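This report describes side-chain contacts between charged groups and between aromatic rings. The sequence and the structure are shown first.

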Amino acid sequence: MEIVEDVVIVGAGIAGLTTSLGLHRLGIRSLVLESSDKLRITGFAFTTWSNAWKALDAIGIGESLRCQHHLITSMVIASTFSDKPPSEAPYKGLEVRCLQRRLLLETLAKDVPNGTIRFSSKVVSIDESEGHFKRLHLADGTILKTKVLIGCDGVNSVVAKWLGLQKPAFAGRSAVRGNAHFRSGHGFEHKFKQLIGKVGRLGFLPCDDENVFWFFTWIPATKEEGMEEDPIKLKQFVANELKDASDEMKSVIENTSLECIISSPLRYRKPLELLLWGNISKGNVCVAGDALHPMTPDLGQGACSAMEDGVTLARCLGEALLKPGAEDDDEEYKRIEMGLKKYDQERRWRSFDLVTTAFMVGFVLRNDGKMIRYLRDKFLLGFLAGLLLRKAGFDCGKL
């Protein structure tokens, strides 16, 4: 027997649950299919800029999360290539916090109606059904039909593949991410500190009084293949690269347990595909989050833009579904299609801009050429601060 739904969202990550909660706030029910047996908290935490807090406020959960995370006041950058002292730029006019992924997902999941998320539900294929429906085949044999299909299923998205989007490209770098827990408190300043070294770039910032999120990005060598699956080797590798780091930075790595370390290759959507020929939406199907715009982490906007997607998509879809007077299924389908096209128009350039800018910032930060290094060390902080200010000032609007 086929189960019929109005809106199916594939993926219970940040984009999927933000979209679902946005629709719920508008009075529209959705079903969220999650392939895992529980919420996925891979990545531990992420920098959350003003644009993301505007999105969280739009769906009504911003205040509950603010009170659990420190406000970051500035960015501090040091370089092992330079004799100059670390440079500091205050985050004037910006709201910046390091948001714990677990707390965000649990808050989103708590605010959607019971039964919204269906775990252990992996989509294996998609095809057309009668009456403009899309038919989803799950790994357990379940078949679902839906009027609207939204892919928030990450870099290996089944929905993005159905739309004809290419697989995200390897950016040439990998990232180790970790969460250090200080049981008695870390005592660190509320600052985002980074160190650019010969091999890679390390950054860390506090989430709250006890938890500190950190990352290390580098260009992997052949001898490091297979290290990504071994947290012991990962921790030792990062520790070995911190010989020139401060004792504060070293203590962050030392206080990270092995189960709180992960590594993954960095991938991104090729910008021209986003700008020119890629299908963000097609009929009653669309993608959001990493299924739409996987990007390198150099702007700290991946998760933030996923929240923007969710609010924008809920608003555009709500306008289509809540408008009275649809005479038949064909009229309703046309309204849905137009709503998703509006979402496409609002998110395509923003996605292109963020993916392109993040990639270029990453190139500058990792490049070891003498001229690039000179310009980077002389102008980097002002350049980065200006970019971050412009990208974080975006407002996705209300529901």
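## Salt bridges

The structure holds 32 salt bridges, a salt bridge being a side-chain nitrogen of Lys or Arg within 4 Å of a carboxyl oxygen of Asp or Glu. The model is predicted: local features need pLDDT of at least 70, side-chain atom pairs count only at pLDDT 80 or more, and totals for chains, interfaces and linings use all residues. Residues are numbered from 1 along each chain as its sequence is written, and side-chain values use heavy atoms, with hydrogens and water left out.

Side chains of opposite charge can pair when their charged atoms come close. Helices (H or I, at least four residues) and strands (E, at least two) are DSSP runs, numbered from the N terminus. Arg315 is buried at 12% relative accessibility, whereas Glu346 is partly exposed at 33%. Here, buried means under 20% relative accessible area, exposed over 50%, and partly exposed in between (1.4 Å probe, protein chains only).

## A network of charged residues

Salt bridges link Glu2, Asp127, Glu130, Arg135 and Lys145 in a network. Within it, the side chains of Lys145 and Glu2 meet at 3.9 Å, N to O. Lys145 is buried, with a relative accessible area of 9%; Glu2, at 31%, counts as partly exposed.

Asp127 and Arg135 also form a salt bridge, at 2.9 Å from N to O. Asp127 is partly exposed, with a relative accessible area of 26%, while Arg135 is buried at 16%.

## Charges over rings

Lys145 also lies over the face of Phe133, at 4.9 Å from the ring centre. A charge sits over a ring if NZ of Lys or CZ of Arg is within 6 Å of the ring centre and within 35 degrees of the ring normal. Lys282 is placed over the face of Trp162, at 5.5 Å from the ring centre.

## Aromatic pairs

Rings of Phe, Tyr and Trp (its six-membered ring) pair if their centres lie within 6.5 Å; planes under 30 degrees apart count as stacked, over 60 as edge-to-face and the rest as tilted. By this rule there are nine aromatic pairs. Phe188 and Phe204 form an edge-to-face pair, 5.7 Å centre to centre with 65° between the planes. The pair links distant parts of the chain: Phe188 is in the loop between strand 11 (169–181) and strand 12 (191–196), and Phe204 is in strand 13 (residues 200–206), 16 residues apart. Phe188 is buried at 11% relative accessible area, and Phe204 is buried at 3%.

The rings of Phe216 and Phe237 have their centres 5.8 Å apart and their planes at 75°, so this pair is edge-to-face. Phe216 lies in strand 14 (residues 211–218) and Phe237 in helix 6 (residues 231–240), so the contact ties together parts that are 21 residues apart in sequence. Both Phe216 and Phe237 are buried. Ring pairs also link Phe182, Phe188 and Phe204 into a cluster.
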